[in-house]
Amino acid sequence: MKYLLILFLSISVASSARANDGYGLWLDYSPVENSQLKQDVSQLFTGFYFFGKSPTYEIIRDELEVAGQKMLGSSPVFSTERLAQTQVWLGTRDELSQVLGLQTQAQIRELGEDGYWRGPIVFQGKTYYAIIGNRSIGVLYGVFDWLRSIQTDTFDPKTENSESPKVKLRMLNHWDNLDGTVERGYAGFSIWNWHKLPGYIDRRYIDYARANASLGINAVSLTNVNANARILTTDFMKKARVLADLFRPYGIRVFLTARFSAPIEIGGLKTADPLDPGVIDFWKKKTDEMYSFIPDFGGYLVKANSEGQPGPHEYGRDHAQGANVLADALAPHGGVVIWRAFVYSHELDEDRHKHANLEFGPLDGKFRENLIIQVKNGAIDFMPREPFHPLFGAMPKTNLGMEFQITQEYLGQATQLVYLAPMWEEVFGSKTYRPIPASRVGGIVDGTDSGQKLTLVAGVSNIGTDRNWTGHMMAQSNWYAFGRLAWNPDLSSEEIADEWVKMTFGQDPKAFAAIKEMLLESREAAVNYMMPLGLHHIMGWDHHYGPGPWVTGGRPDWTAPYYHQADSLGIGFDRTASGSDALGQYAPEIVKAWSDPTQIPEKYLLWFHHLPWDFELHSGRTLWDEIGLHYDTGVKTARKMEETWNSLESEIDPERFEHVRQLLAIQVQEAEWWRNACLLYFQTFAKRPFPAEIEQPTGDLEDYKKRSFPTAPGIKPKW
Ligand code: BDP
């Protein structure tokens, strides 16, 4: 017995030494194995010299310390003079101006506020490796990029690299409530501890800022868009100030959500009418007060007249009249209003798909310059696949920003591995044909095609108090990918997967290839086993967990049959001219191609067409058979992902291996559940046998319908 105990203890000590709980994210720096690279980098780590002083340079020092220890097994040497012992020069263009040629200076100037240049510089016969920005934050971005190149084995000390972000505001939106819960959060509670602020600083705040800065994320909105006006009270400003002060040297500006009725709720006014002088004065004074606490406050993020949130419509005013009042209050301070386009009301049109364009389209050109309309990637709601939102390209005189959802509300929450970058890449790559024929969504958002100066890519955060930050540790890849794509919407999902896997799991070739493949196939798998061929909004009621194509009750546009419209004849939502004509909101090129069910990309087929069950697809199969095949393929891919992972047991540390292994087993069960429940349900309309080549769905439809999930996380707060 005694021996057994000793054996047990020694096993647990041995494995905890290797344990990795995922807290370190992609910044855990594995030892450099390539010997040439190790030699080059070790040499550089013998002498860093900063040309100036800044709190951001202190952050760089700390990062180099961690990276040096972990990658090379030794601390970096910081030198106090710029020549003799020095290998690496760090600083801003101004700070280095005496040692830089005019041409290099001009080249760096071009890179703007956040850009950086890194490469060799010869000075008085000696070569230094320099990392230079126009501001200290650019230097930090350059250092992170350099460390990434070492971790991904692409660093070459002889090559110059320079980059600047394509998008101005690269932003996380937290849907965190003041009581610590997170709407649609699947990774525990909010990381903001409002109760202990401003006195207590949780180490997580700093680690969070560091992770964001490593990706170039430079703005965060701390609170839920379903806002609580209290966040704008003096008490909360004092708390938010602590976070803003911490984030500043990481280049991150704080935004808060503004509840439109705040003038009534915390201002003691009788109205929130945006044209009322008292209300205008409230927003001005509130905003001035905010800047007295946070001099670089980013601005307000607003959800108005959407899903019960108050807004200008209560007073007969439109979105521009409402939004501009806030914009005017912020303008003298350099702040920005981010006004969401996620609106739908019963009155406007039967098809929810059309509402945002109907409400916002006529207001084009009426919004202030320091205001940006934040548009979800699709017109319904973050479905596993949506055609791009028709507002992109339809408001040429208005700043339009992108809103993605990183938290996986409709994509498996925290029990499924779904790498979202392929979806975001698909959206950015979609051709809009407007405002210019070659336009793509990415070009509108980053200003290339639209010409807009104020640009924004926002993502609804998937971060919480779970030790690994994101609930499912593989969902860290989505935080990572979001940041990288916000910096450069033209990056491919594959390049990003490449980086993330190497930085998170090291370079073991077998593990690298296997994990990368799993990531890249995961999103299509999820579309297949959840909502293939353009099906959408058929998930469980309220918590949105699991299938619910039978969900009815309440508002029609919150039910599933409203979207799938299955009947004895066929399935799908007719959004062509013969139906709701939501398709008519797109450019004529798209209308022409997508109106024809034989020409529209099949991935959007049932989004825009109601078709007979026997409609023939490109494969020669009937629609009914093809639906069955997609569901089944999704399940098979999920199983393959599970098998792949399980073959990596000896390559991955036990803690992460086991974490992902268990979740993949759940994912397979959930994929089967989706397939079985949806196919059994749709069969009640189609009245046809399942195609012979698929695994026949099992279970009882009535049992599937009865399942309930009172403990499902992330549900809306009930205030
Ligand atoms: C939906 C969510 C809901 C959010 C809403 C929004 O289900 O919780 O409040 O979007 O974006 O996806 O405002």
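How do the residues of the shell around the ligand divide into nonpolar, polar and charged? The shell holds four nonpolar, two polar and nine charged residues; here Ala, Val, Leu, Ile, Met, Phe, Trp, Tyr, Cys and Pro count as nonpolar, Asp, Glu, Lys and Arg as charged, and the others, Gly among them, as polar. The structure is a predicted model, in which local features need pLDDT of at least 70 and side-chain atom pairs count only at pLDDT 80 or more, while totals for chains, interfaces and linings use all residues. Residues are numbered from 1 along each chain as its sequence is written, and side-chain values use heavy atoms, with hydrogens and water left out.

We can begin with the ligand. Around it stand 15 residues, of which Glu183, Lys303, Arg340, Asp381 and Glu409 come nearest; a residue is near a molecule if one of its heavy atoms lies within 4 Å of it. Glu183 places a polar side-chain atom 2.3 Å from an oxygen atom of the ligand. For Lys303, a polar side-chain atom lies 2.6 Å from a ligand oxygen, and for Arg340 the distance from a polar side-chain atom to an oxygen atom of the ligand is 2.6 Å. On its own, the ligand has 320 Å² of accessible area, and the protein covers 99% of this (Shrake-Rupley method with a 1.4 Å probe).

Next come the pockets. These are found on a 1 Å grid over the protein atoms alone, as open sets of points where a 1.4 Å probe fits, with protein on both sides within 12 Å along at least five of seven lines; lining residues have an atom within 4 Å of a point. The largest pocket has a volume of about 640 Å³, a volume being the space filled by probe spheres set on the points, which are joined across faces, edges and corners. Its lining has 32 residues, and those closest to the centre are Glu113, Asp114, Arg135, Lys168 and Asn218. By class, this lining comprises eleven nonpolar, eleven polar and ten charged residues. Helix H5 (136–151), strand E6 (169–173) and strand E8 (253–257) each supply at least two lining residues, and the largest share, three residues, comes from H5. Helices (H or I, at least four residues) and strands (E, at least two) are DSSP runs, numbered from the N terminus. The largest pocket lies between domain 1 (2–163) and domain 2 (169–492), because both give residues to its lining; the domain bounds come from an automatic or database domain assignment.

The second largest pocket has a volume of about 470 Å³. Among its 24 lining residues, Ser30, Pro31, Phe505, Gly506 and Gln507 are the closest to the centre. Nine nonpolar, seven polar and eight charged residues make up the lining. Domain 1 (2–163) and domain 3 (527–573 + 610–706) both contribute to it, so the second largest pocket lies between them.

Finally, a few backbone details are worth a look. Most residues other than glycine have a negative phi, and most peptide bonds are trans. Leu197 and Pro198 are joined by a cis peptide bond, with omega about 0°, and Pro198 sits in the loop between E6 and helix H6 (203–215). The peptide bond from Arg434 to Pro435 is also cis, with omega near 0°; Pro435 is in the loop between helix H12 (421–429) and helix H13 (441–445). Glu307, a residue other than glycine, has a positive phi near 45° and is found in the loop between strand E9 (299–302) and helix H10 (319–330).

How values were computed. Polar contact = N/O pair within 3.5 Å; in protein donor to acceptor, adjacent residues only side chain to side chain.
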